[in-house]
Amino acid sequence: MAKTTIRVDVETRDRLAEMGRDTGATIGETVQEAAEALWRMRFARDSMEHLEALRQNPKEWADYLAEADSTYVDDGIG
């Protein structure tokens with residue numbers, strides 16, 4: 001994997017180092033984990049916002065639910 005240098009303030013560097021010490025991770029690994037967590041959090045937030053926008057439009061919400069029902073696959077767990 002290619003590497004690069006990023007600039008952060010001393011407080012952030014120290015916080016990343018402290019977080020890494022808790023798990024034995026390097027600062028780079030901690031930054032990677034933090035970036036992934038932030039990406040997932042924003043993806044979830046955006047998904048919830050899109051669903052809420054669908055709910056505000058009864059026809060679009062009904063279409064969404066109909067499509068979800070038509071593509072449902074029983075996993076046999078429930």
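**View 1. T30, a residue of helix α2.** This is a predicted model, and we start with T30, which sits in helix α2. Is T30 buried or exposed? Its relative accessible area is 5%, and buried means under 20%, so T30 counts as buried. Which residues does T30 touch once you skip its neighbours within four places in sequence? Look for L16, M19, G20 and A25.

**View 2. I27, also placed in helix α2.** I27 has a relative accessible area of 35%, so this residue is partly exposed. Leave out residues up to four places away in sequence, and I27 still touches R13, L16 and A17. Take R13: it's 14 residues from I27 along the chain, yet the C-alpha atoms of the two are separated by 7.8 Å.

**View 3. Where helix α1 meets helix α2.** Now step back to see both helices: α1 covers residues 10-23 and α2 covers residues 27-55. Two packed helices are described by the angle between their axes and the distance between the axes. Here the axes come within 9 Å and cross at roughly 95°, so α1 and α2 are roughly perpendicular to each other. On the α1 side you'll find R13, L16, A17, M19 and G20, and they meet I27, T30 and V31 of α2. Sorted by class, this contact has 5 nonpolar, 2 polar and 1 charged residues.

**View 4. Helix α3 and its start.** Helix α3 runs over residues 58-70, which is 13 residues. From first C-alpha to last it reaches 18 Å, close to the 18 Å expected at 1.5 Å a residue. At the start of α3, check out N57: one of its side-chain oxygens comes within 3.1 Å of the backbone nitrogen of K59.

Note on methods: Residues are numbered from 1 along each chain as its sequence is written. This is a predicted model: local features need pLDDT of at least 70, side-chain atom pairs count only at pLDDT 80 or more; totals for chains, interfaces and linings use all residues. Side-chain values use heavy atoms; hydrogens and water are left out. Axes are lines fitted to C-alpha atoms, for helices over the stretch in contact, and angles run from 0 to 180 degrees between N-to-C directions. Helices (H or I, at least four residues) and strands (E, at least two) are DSSP runs, numbered from the N terminus. Angles under 35 degrees count as roughly parallel, over 145 as roughly antiparallel, 65 to 115 as roughly perpendicular and the rest as oblique. Contact means heavy atoms within 4.5 Å. Ala, Val, Leu, Ile, Met, Phe, Trp, Tyr, Cys and Pro count as nonpolar, Asp, Glu, Lys and Arg as charged, and the others, Gly among them, as polar. The expected span of a helix is 1.5 Å times one less than its number of residues. A polar contact is a pair of N or O atoms within 3.5 Å; within protein, one must be able to donate a hydrogen and the other to accept it, and residues adjacent in sequence count only if both atoms are side-chain atoms. Buried means under 20% relative accessible area, exposed over 50%, partly exposed in between (1.4 Å probe, protein chains only).
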